Amino acid sequence: MASDTASDDFDWVAAHSICTADAMFARLRAGAQKDVDRRNSLDLHAKIRFELHDDGDQFEVSRVVPSGLSSSKTLAFVTFAREGRRIHISGDGVDVDFTAIVAVNDEGTCRLFVGEIEYAEWQLRKLALEHLFFDDSEE
């Protein structure tokens, strides 16, 4: 019978010490860059592109449309901001606004929690970026 929790001798202190917002934020940033690269490679809407801009404690994923030789117009963006053990995700031009807390779950895995719902990294990125990537509206 499979267990949904870690064993009685699980070292939760060590697990918690490496389950940090810094580490999770870095993994979210790297995953978001891969998501941006993958979405751009699909080329479903050739005139719309996606970009990631990194500013240390926060990064932004933008939906842009080229508007000249070297400029582009930002249509919408989602910002990921690290605030202690929390990661706040908000959108402009897309309806996204929630805060995730980094913690060790009952199975001993480092996860993200929004309210009482537990998310893996890819699930949180999907929650944050799905509408930005696949909303057909152009402003």
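Strands β4 (residues 86-92) and β5 (residues 97-104) pair in the antiparallel sense over five bridges, where pairing requires that DSSP find at least two bridges between two strands. Helices (H or I, at least four residues) and strands (E, at least two) are DSSP runs, numbered from the N terminus. Within this pair, H88 stands opposite T99 in β5. The model is a predicted one, in which local features need pLDDT of at least 70 and side-chain atom pairs count only at pLDDT 80 or more, while totals for chains, interfaces and linings use all residues. Residues are numbered from 1 along each chain as its sequence is written, and side-chain values use heavy atoms, with hydrogens and water left out.

The β4-β5 pair belongs to an open sheet of seven strands, ordered β1-β2-β3-β4-β5-β6-β7 with antiparallel pairing. Strands β1 and β7 (117-119) stand at the edges with a single partner strand each, so one side of each is left without a neighbour in the sheet. From one strand to the next, the twist averages 25 degrees. Axes are lines fitted to C-alpha atoms, for helices over the stretch in contact, and angles run from 0 to 180 degrees between N-to-C directions.

Helix α2 packs on the sheet and touches β1, β2, β3, β4, β5 and β6, contact meaning heavy atoms within 4.5 Å. The direction of α2 makes about 155 degrees with that of β1. Helix α3 lies across β1, β2, β3, β4, β5, β6 and β7, and runs at about 155 degrees to β3.

Strand β3 includes T79. This residue counts as buried, at 11% relative accessibility; buried means under 20% relative accessible area, exposed over 50%, and partly exposed in between (1.4 Å probe, protein chains only). Leaving aside residues up to four places away in sequence, T79 touches Q58, F59, E60, H88, I89 and S90. H88 among these is the residue that stands opposite T99 in β5.

Helix α2 (residues 21-42) has 22 residues and reaches 31 Å from its first C-alpha to its last, close to the 32 Å expected at 1.5 Å a residue. The expected span is 1.5 Å times one less than the number of residues in the helix. Buried positions in α2 are A21, M24, F25, L28, R29, G31, A32, D35, V36, R39 and N40. An α-helix has 3.6 residues a turn, so residues three or four places apart point the same way. After α2 comes D43, with a positive phi near 50 degrees.

The structure holds one disulfide, defined as a pair of cysteine sulfur atoms within 2.5 Å. This disulfide joins C19 to C110, with an S to S distance of 2.1 Å. The link of C19 and C110 is right-handed, with 75 degrees about the S-S bond. C19 lies in the loop between α1 (12-18) and α2, and C110 in strand β6 (residues 110-114), so the pair ties together parts that are 91 residues apart in sequence. C19 counts as buried, at 1% relative accessibility.

Seven salt bridges are found in a search of the whole structure, the criterion being a side-chain nitrogen of Lys or Arg within 4 Å of a carboxyl oxygen of Asp or Glu. In one of them, R27 pairs with E121, the closest N and O atoms being 2.8 Å apart. R27 is partly exposed, with a relative accessible area of 34%, and E121 counts as partly exposed at 22% relative accessibility.

A salt bridge also forms between D54 and R29, with the closest N and O atoms 3.1 Å apart. D54 lies in strand β1 (residues 49-54) and R29 in helix α2, so the pair ties together parts that are 25 residues apart in sequence. R29 is buried, with a relative accessible area of 19%, whereas D54 counts as partly exposed at 46% relative accessibility.

D57 forms a salt bridge with R82, the closest N and O atoms being 2.0 Å apart. D57 lies in the loop between β1 and β2 (58-66) and R82 in strand β3 (residues 72-83), so the pair ties together parts that are 25 residues apart in sequence. D57 counts as partly exposed at 44% relative accessibility, as does R82 at 22%. D22, D57 and R82 are linked in a network of salt bridges.
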